[in-house]
Amino acid sequence: MIEVLRAGPATTVQDLGRPGYAHLGVPRSGALDPAALALANRLVGNPPTAAGLEITLTGCTLRPTRAVTVALTGADADVRVGRRPGDVGRPLSVPAGAVLRIGPPRAGLRSWLAVDGGIAVEPVLGSRATDTLSGLGPPPVRDGDRLPIGPWPGHPAPVDWTVVPAVPDQLRLTLRPGPRDDWFTADALDRLLRTPYTISPVGDRVGARLLGAPLPRAVAGELPSEGVVLGAVQVPADGQPLVFLADHPTTGGYPVIGVVDDVTGLAQARPGTTVTFHGPQR
Amino acid sequence: MRIRPVGRHALLLDCDNPGQVEAWRAELWRRRDDGELTAAEIVPAAATVLLDGVPDPATTAARIAGWTPGPTATTAAVRHVEVPVAYDGEDLPAVARHWGVDVPEVVRRLADTTFRVAFCGFAPGFAYLTGLPERWAVPRLPSPRPRVPAGSVALAGPYAGIYPTASPGGWLLVGRTGLTLFDVHADPPATLTPGTRVRLATA
């Protein structure tokens, strides 16, 4: 069991999500940076499918009731076991009853914490991920929660040190046009690829909203709802693009001008971060 | 039908009509079951079918272009669900005005229609039901209700739908059902899956 002394405002349980149910209206969900969570799991000897915590911006404070090995990946942050400082990207031993403090990130937004045995809340449709859009999975973590831990997975692979990736000041995203770039003026795609955008403060696990040159439509009217993918750049009526992240809806009624190859950088992009888009050919 | 690329791992089949969507949905699900097609998700919608989690979309697109969707599934393979509906929705008079008939006639028409689940979206287990003639399409409310109770049976555009859980909603309410529409312990978790035939029978 892990007691949550201070949850922070947006800490959730995440794993690799629940793909395979989009045709029933069930979002994929899962960690915004699945590779970072998988790395944390590897550092403590968990399988990559184990659930951990996704911690956003303000850190959190936890107290395990049994001795555990934990690992934090993603944004660099101050980590302490009792008074002893620890490192991001490295397994840490936390004695039973000791307090694990994860501070706010020095740069970036989100960290992933794995605990040996994994967070063992009840799975829903094969996943323990909190889906903030549909409400499937456990509710977001709150102060006073007691999170169950699974059985000890055995000794981890002999990897005890990893590099904490730097968070760039400017995020460069590769964009492939379509499927509905023909709903926009020829100028729109040009604007998206040639002018910088900034991350809006109104962003969450559903999508990263961007602010910048509006993308004008060539086709008026409503697009009949159609399936959307992770990384889809949807353009609502105000012309400001939104990049879909893990909790995106399964279908959308606004045209998608292009799709971003890799959205994991957006998981660390604070409001105000500059984002530029580039075609895949460069 | 036109195939549009979607990012690195997906394809969108842009269909000419809803019948073609259903035919491709059934064909692609069958081919995936038979091991001829790899796709993590095959998601029908109003006028499209999305394939996501496709390892090699260009090759897959070329193969799909060579396929012809067969006749839609035989009667025996189609799921049928009868939904018991209490027709007491507060927007029945509004629907009656749109259709130019009285309320009992609205109820009779809805109860007599065999619907088909065209696709799911909006929320887990929310099915868009087709079967009403296009000329009976109704507009949404100008501003959505903040809370529509679970089990509400409602109309919007050419579709009928049932809210699986309480949520905000702008559809016109015609009735309610006690049937569970989404159960995470059931397989499949949604009662109304794409292709299912549905009757909204008077309870």
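Predicted model: local features only at pLDDT ≥ 70, side-chain atom pairs only at ≥ 80, totals over all residues.
## Where the two chains meet

The contact between the chains draws 32 residues from chain B and 24 residues from chain A. On the side of chain B that touches chain A, at least two residues each are supplied by strand S1 (2-6), strand S2 (10-14), strand S3 (41-44) and strand S4 (48-52) of chain B. Of these, S3(B) gives the largest share of that side, with four residues.

Sorted by class, the side of chain B that touches chain A holds 22 nonpolar residues, together with six polar and four charged ones.

## The sheet of chain B

The strands S1, S2, S4 and S3 of chain B form an open sheet of four strands in the order S1-S2-S4-S3, with antiparallel pairing. S1 and S3 of chain B stand at the edges and have a single partner strand each, so one side of each is left without a neighbour in the sheet. If direction is ignored, neighbouring strands of this sheet are turned by 20° against each other on average.

One pairing in this sheet can be followed down to its residues: S1(B) and S2(B) are joined in the antiparallel sense over five bridges, and B:Ile3 stands opposite B:Leu13 in S2(B).

## Two domains in chain B

Chain B is divided into domain 1, which covers residues 2-65, and domain 2, which covers residues 78-202. The centres of domain 1 of chain B and domain 2 of chain B, taken over C-alpha atoms, are separated by 27 Å.

Between these domains, seven residues of domain 1 of chain B are in contact with six residues of domain 2 of chain B. Helix H1 (residues 18-33) of chain B gives the most to the side of domain 1 that touches domain 2, namely four residues. By class, that side of domain 1 of chain B has five nonpolar and two charged residues, and no polar ones.

## Strand S9 of chain A and its partners

In chain A, strand S9 (residues 100-105) runs antiparallel to strand S4 (residues 60-64), and three bridges join these strands; A:Leu62 stands opposite A:Leu100 in S9(A). Strand S6 (residues 77-81) of chain A also runs antiparallel to S9(A), with four bridges between them, and the bridge partner of A:Ala77 in S9(A) is A:Pro105.

## Helix H2 of chain A

Which residues of H2(A) are buried? They are A:Ala188, A:Leu189 and A:Leu192. Seen down the axis of H2(A), the buried residues fall within an arc of 95°, so they line one face of the helix. An α-helix has 3.6 residues a turn, so residues three or four places apart point the same way. On the other side of H2(A), A:Ala186, A:Asp187 and A:Arg194 are exposed, whereas the buried residues of H2(A) pack against strand S12 (170-177), strand S19 (256-260) and strand S20 (274-278) of chain A.

Why does A:Ala188 count as buried? The reason is that A:Ala188 has 21 C-beta neighbours inside 10 Å, while the cut-off for a buried residue is 20 or more. If its neighbours within four places in sequence are left aside, A:Ala188 is in contact with A:Leu215, A:Pro216 and A:Ile257. A:His155, by contrast, lies 33 residues from A:Ala188 along the chain, and the C-alpha atoms of these two residues are separated by 53 Å.

Terms used: Residues numbered from 1 in each chain as written. Chains lettered and ligands numbered in written order. Contact = placed C-beta atoms within 7 Å. Nonpolar A, V, L, I, M, F, W, Y, C, P; charged D, E, K, R; others polar. Domains from an automatic or database assignment. Pairing = 2+ DSSP bridges. Buried ≥ 20, exposed ≤ 12 C-beta atoms within 10 Å, placed from the backbone. Arc of directions from axis to C-beta. Axes fitted to C-alpha atoms, helices over the stretch in contact; angles between N-to-C directions.
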